[in-house]
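Please look through the sequence and the structure that follow. The questions after them take a few residues in turn.

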Amino acid sequence: MAEDVEVEKARLIDAFETMRQQIDRMIASPEIGTAGEHREILETFKMFAYDRGWQKRIFESVDAGLTAEAAVERVQQQNRRRMASSTDPYLRERLSDLDDLTNRLLRTLAGRMDGQDLHEPSIILARTMGPAELLDYDRTNLAGIILEEGSSTSHVAILARAMGIPLIGRCRDISEHVQAGDRLILDGDGAQVLVRPSDEICETYSESIAFQHEQAAQFRAERNLPSITRDGVRIQLFINAGLQADMAHLDALGADGVGLFRTEFQFMVSATLPRLEAQQEFYKNVLDVAQGRPVVFRTLDIGGDKAVPFLPREDEENPAMGWRAIRIALERPVLLRYQLRALMAAAAGRTLSIMFPMIADMSEFKAARNIALKELARFERLDIARPAKLEIGTMLEVPSLAWQLDPLLKLVDFVSIGTNDLMQFFFASDRSNPRLTDRYDLLSPPALSFIRMVVKACDRAGVPVTLCGEMGGRPLEAMALIGLGLRRLSISPMTVGPVRRMIRSLNVKQLEDYILDMIDLEDHSLRVKLRDYARDHLIEL
């Protein structure tokens, strides 16, 4: 209990002021930059730091007789009871931010300044971490972060990604198996943590890291080499992006453009629906960095496991096939119109390419397309600067749409095959279920035949078709896709180098003749046969 309430209040006032100054300095750091989702995350964090309601509840607890420290802890316990049981990922993310602020305020009250020095290369292990807490650590020796909670879309993960810091989340109960000073290997590519590895394993990983660095240097040196096969076929390589920080990969990798820009992250990290001006500025910055290279914006794919705070969230037995993406947009057309308006304003005088996600039949595409055309007509009617050209396409990720290709291809400007969702719907197999990971192979005759059918229909109609998904980023799978007739791949930035190298070692005509003979087989998978083919024909995988 407090001996002198006024003294405790004075301590709190000083602590709040000191903490806010620390946060202001963090956000002003050149390392953070001036734009991007990570910047918006920190600005939202700053908003919490200046929240009068939070401060008022703490001072009320001091008036009730508690010390400053006890008051801060009481208010946070109340927040945890109210929010910890929520299944809403947005609320749980807000709780992580409040934990960060609470700990920061307590450290300030105790006279401990922020800034945690690391005297040797270190991996930080924590239950959770707020975005600003990450900035407290000395970057020189921060090798990586392991969290028991968190996900790839958590605020600290987005910030770490923008800063180039490896991070793995959802490592349940790992703190029970690790002690301070233990040797760890954080394998970001394999999403695994090795605890107290032997010298032999460490040596193996060290050699692997050295090889990856050497290979990455080779890929960088090859970034300006054209993605042309040995028999002269040009394959366009685009990248998938979702953060403004991803756009730097265009120049670094020599990519042809962005085949899929996921627009939902900006909405997922914002406390409210992003203002029209903020959306417009964000999209304009993306197009500016692209410098005339094509960028295909996918309209909001929210719902399911991508919750946003400004829409009600209901529990669904199968959220991947529930109320999400275009289904939300058509039920709440104002949301789609708002985003399209921002995109069109951002692309004034330039080409704007947009595509709609989760289209299951023609009526959905036509309804979404009509909304886009009405927005464009509004720009013309009001004489507002508008895109020089508007291209409207669709994701093909629901198998039913493939049986309406003929009428669809008369309306679309392009098609993008989204294999991540498409293949789990195709095989009725949850891609997040580890028991089904190896049950069905994307290199099976049925899957390859389906993709071939779509590609040939698009070719006959003269409609560009791109494949965007993890499948296209694996050299063996990419080889098969090129053999099926695909000439445009949109893939993860880290896979551009290996896929380009594979392409340059490939003879397309030989491959097409081989793979078309294979896709009618009754085999469970063609993976072994395709790998043997690549080995026999000196294709670099």
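Contact here means that heavy atoms lie within 4.5 Å. This is a predicted model, in which local features need pLDDT of at least 70 and side-chain atom pairs count only at pLDDT 80 or more, while totals for chains, interfaces and linings use all residues. Residues are numbered from 1 along each chain as its sequence is written, and side-chain values use heavy atoms, with hydrogens and water left out.

Q: Which residues is D100 in contact with, leaving aside its neighbours within four places in sequence?
A: D100 lies in helix α5, residues 89-109, where a helix is a DSSP run of H or I with at least four residues, a strand is a run of E with at least two, and both are numbered from the N terminus. Once neighbours within four places in sequence are set aside, the contacts of D100 are F45, G130, P131, A132 and E133.

Q: Why does E397 count as buried?
A: Buried means under 20% relative accessible area, exposed means over 50%, and partly exposed lies in between, using a 1.4 Å probe and protein chains only. E397, found in the loop between β10 (389-396) and α15 (405-408), counts as buried because its relative accessibility is 2%.

Q: What is the largest C-alpha distance between the residues that UniProt lists for "binding site"?
A: The unreviewed UniProt entry lists E397 and D421 under this name; such positions are given in the numbering used here, feature names are shortened, and annotations may be inferred rather than shown by experiment. Although they are spread over 25 residues of sequence, they cluster in space, with a largest C-alpha distance of 5.6 Å.
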